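This briefing concerns the contact between two protein chains. Please have the sequence and the model at hand while reading.

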Amino acid sequence: MLSWVIPVAFALVTAAVAMNFWRLIRGPSLPDRILALDTLYVNTIALLVLLGIHLASALYFEAALLIALMGFVGTVALCKYLLRGDIIE
Amino acid sequence: MLEYLLSFLILTGAVFTFIGSLGLARLKDFYTRLHGPTKATTLGVGSLLIASALLFSTRGDGVSLHEVLVTLFLFITAPVSAHLLAKAALHLELPSLAPAPQEETHDRQAGNSRGPGPHKGA
């Protein structure tokens with residue numbers, strides 16, 4: 001059963017990433033684009049976890065953890081820039 | 001039995017991730033678009049990470065705790081980033097589809113009991 005569930009899940013998450021890219025290019029305002037980037041890194045974590053399940057390898061969690069950390073820092077920095085005009089005051 | 005549970009968790013996670021990004025792509029204004037991915041996508045990724053933790057805990061040696069770390073971090077940081085995004089959008093005064101609250105009529109209805117009403121003063 002896992003043999004057909006995993007490709008379906010890959011297809012769904014890849015479609016989600018494609019829609020995030022569409023919003024990133026299209027987005028009428030700057031917070032829309034930041035939100036698209038935020039969702040993009042969360043979906044990248046989902047893709048990495050799926051790849052780890054598919055290949056039965058535990059090597060990908062460190063990469064997922066790093067992406068989670070750096071993505072959060074990037075989102076906060078961009079929002080602070082929009083709010084204050086400066087990142088570190 | 002374990003395979004069915006894993007398949008259910010993986011499918012649920014992928015479908016929720018897809019629905020969250022569909023909301024990001026299709027909804028009309030920024031505040032509703034903020035609502036979609038910050039809830040649905042976090043739930044989807046959490047479900048996928050639980051599936052991965054189950055798989056590696058039952059297959060390899062010992063309990064696998066990397067996924068719990070990622071899940072905890074995502075569940076802590078997702079509301080914070082959503083809050084900051086909403087603050088940035090309100091700061092830039094992005095247009096909203098929701099109607100503005102009617103302050104004047106509420107004040108006149110409730111103003112009878114509290115506050116010095118000008119028409120009931122004497």
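This is a predicted model: local features need pLDDT of at least 70, side-chain atom pairs count only at pLDDT 80 or more; totals for chains, interfaces and linings use all residues.

Residues are numbered from 1 along each chain as its sequence is written, chains are lettered from A and ligands numbered from 1 in the order in which they are written, and side-chain values use heavy atoms, with hydrogens and water left out.

**Extent of the interface**

- Chain A places 46 residues in contact with 46 residues of chain B, contact meaning heavy atoms within 4.5 Å.
- The two chains bury about 4,100 Å² between them, 83% of it on carbon and sulfur atoms; buried area is the accessible area (1.4 Å probe) that two parts lose on being put together, summed over both.
- Within chain A, the most area is lost to chain B by Leu35(A), Phe61(A) and Leu83(A), which together account for 15% of what that side buries.

**Polar and charged pairs**

- The rule finds 6 residue pairs in polar contact across the interface, both residues at pLDDT 80 or more. A polar contact is a pair of N or O atoms within 3.5 Å; within protein, one must be able to donate a hydrogen and the other to accept it, and residues adjacent in sequence count only if both atoms are side-chain atoms.
- The structure holds 1 salt bridge over all chains, defined as a side-chain nitrogen of Lys or Arg within 4 Å of a carboxyl oxygen of Asp or Glu.
- Arg33(B) and Asp32(A) form a salt bridge, with their closest N and O atoms 2.8 Å apart.
- Arg33(B) belongs to helix 2 (residues 30–59) of chain B and Asp32(A) to helix 2 of chain A, so the pair joins two chains. Helices are DSSP runs (H or I, at least four residues), numbered from the N terminus.

**Helix 2 of chain A against helix 3 of chain B**

- The axes of helix 2 of chain A and helix 3 (residues 66–91) of chain B come within 10 Å and cross at roughly 170 degrees. Axes are lines fitted to C-alpha atoms, for helices over the stretch in contact, and angles run from 0 to 180 degrees between N-to-C directions.
- These two helices are therefore roughly antiparallel to each other, a term for angles over 145 degrees.
- Residues of helix 2 of chain A that meet helix 3 of chain B include Leu35(A), Asp38(A) and Tyr41(A); among their counterparts are Val70(B), Thr77(B) and Leu85(B).

Key:
Angles under 35 degrees count as roughly parallel, over 145 as roughly antiparallel, 65 to 115 as roughly perpendicular and the rest as oblique.
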